[in-house]
Amino acid sequence: MTKTDYDAVVIGAGFSGLAILHHLREIGLDTVVVDGADGIGGTWWINRYPGVRTDSEFSYYSFSFSKEVRDEWVWTERYPSGAEVLAYLNFVADRLDLRKDILLGRYVTRAEWDDDTSRWTITFGDGSVFTAKYLVSGMGVLSQPIWPDIPGKDVFQGQLVHAARWPREGIDLAGKRVGLIGLGASGIQITPVVAPEAGEFYVFQRTPNFIVETNNDPVTPEHLAEVRANYDEIFARAASHPFGVDMVPAEHSALEVDPEERERIFESKWNEGGFHFANECFNDLAVNHEASELASEFIRKKIREIVQDPATADLLSPKTYSFNGKRVPTGFRYYDTFNLPHVHLIDTASTPITEFTERGLRVGETEYELDVIIAATGFDAMTGTLTGIDIVGRDGVVLRDKWASGIRSNLGISVNGFPNLLLSLGPQTPYSNLPVPIQLGAQWMARAIDFAEKNELPALEATKESEEWWAQETDRAGKATVMYSEGQKAKAWFFGENVPGKPHEFQVYMGGGQVYQQFCRDAESEGYRSFRAPEFERVPETV
């Protein structure tokens, strides 16, 4: 007979779910991980489009808590491919013997709190039910795709695919007329991989990005040995960095140095590649508009140097917002791709896409005939996975309804009215390289639950006061950055601007990962007072 009652049910078998399962086991909790997919990996199982890879280097895009995993897993690329990350997560599951407590193909449709039993009832798509004292979301932030708001999607007679729903068997694109809608991180990674294969490749661009190019060098045995020997120090540096990366924060303002020195620093970090440019050039690129614009003009100059056609280079250069107005993506020969003669950049900011047609896409009065259309139009980030199912708390309140007018949580971990519901990478958690807050969050969560169990707390639940404090702090921290004005101009996802009707607010905490972690340590040192809502202890009404 299948077991149905647990101490903790964790939804999601990606980075979060694996870390949480490992650490909840350490405190003796009877825990099961459930996932609607057929494989382990979460975001890395879902996203398998051509070119998918990390934009963080392997040394801090991995767990540090298992010496066995660190010493035995062999990374091969500086920026691992999606397939390599997926293989890594499966190795973690096997090496730590996690798979026996993971149930796949179990899609959660509803989770409801019962005041009488102080337990959660979790219902799956097939009608089966689990119960648990603790319900933990490890569903991630980038797995609820959104389609472009363009009429006629069902009319198109060719193949239409979302980047986050790429067929496991792949798509034959050789010689075909391929169109790409959406130029966030996914579209930027797809472009240089798909373009050489396609017969004609049309990129429909509404908002260009400031892309920091990088190289993907192989990992040498010497480099891997050095990382293994220093994993704890690497993780500690990443944990103390605002963006969760193993980098040395810059000490000087872009405005403090003369133009020649500023250019030299920009050039040096551009050549180093990836997030080094955003994080190691100057200390005010994210908080000072003038400094941000200096970085913007440097990248515009690089685009003009790389892209041979001046008109195309001009279209690829953002002008309506400045650097850091959107999440900074990394590119792997992205700009070079537009030098290929069969690659066409279509400006949909001046003339929008009006509709899908049977044969392709119509932009204004022009129809582009296409065999395949790829929608790399992103995700309902941070909240989408949580509001996509019925999570019902005390007094029948549904989480999506509570958040309809704005997110309320304590540190993005717990929500008032939803006892013993804990969130990994919930909304209002740090804007960061994600494996770092995932690991630290899982460890914090295990300590919090252990404290609650040993001290016989009725439940872990955010107080109303903590929710208001954290909403104000998230807003304050966000408004202190250039993202506040520039992100609105760029319609950035961290404002929810990419989802029609979503409340206009910061979806993530912009105050720095290291600041956020101190808040978490403070809550712990105070005996989790802000996670002990007095409302839970009221006496239920009797009939």
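The legends below describe close-up views of a predicted model. In this predicted model, local features need pLDDT of at least 70 and side-chain atom pairs count only at pLDDT 80 or more, while totals for chains, interfaces and linings use all residues. Residues are numbered from 1 along each chain as its sequence is written, and side-chain values use heavy atoms, with hydrogens and water left out.

**View 1. The largest nonpolar core and the surroundings of I299.** A nonpolar core is a set of buried Ala, Val, Leu, Ile, Met, Phe, Trp, Tyr and Cys residues joined through side-chain atoms within 4.5 Å, where buried means under 20% relative accessible area and exposed over 50% (1.4 Å probe, protein chains only). The largest such core has 135 residues, of which F277, I299 and F323 touch the most other members. Helix α15 (residues 435–454) gives the most to this core, with 10 residues; helices (H or I, at least four residues) and strands (E, at least two) are DSSP runs, numbered from the N terminus. Leaving aside residues up to four places away in sequence, I299 touches F210, I211, V212, W270, F277, F323 and Y335, contact being heavy atoms within 4.5 Å.

**View 2. Helix α16 and its buried face.** The buried residues of α16 (residues 464–479) are S466, E467, W470, A471, E473, T474, A477 and G478. Seen down the axis of α16, these residues fall within an arc of 170 degrees (taken from the directions from the helix axis to the C-beta atoms), so they line one face of the helix. The face turned away from this buried side carries the exposed residues E465 and Q472.

**View 3. The hairpin of β13 and β14.** Strands β13 (residues 353–356) and β14 (residues 360–363) run antiparallel and are joined by 3 bridges, pairing being assigned if DSSP finds at least two bridges between two strands. The hairpin joins them through 3 residues, and F356 stands opposite L361 in β14.

Note on methods
The expected span of a helix is 1.5 Å times one less than its number of residues.
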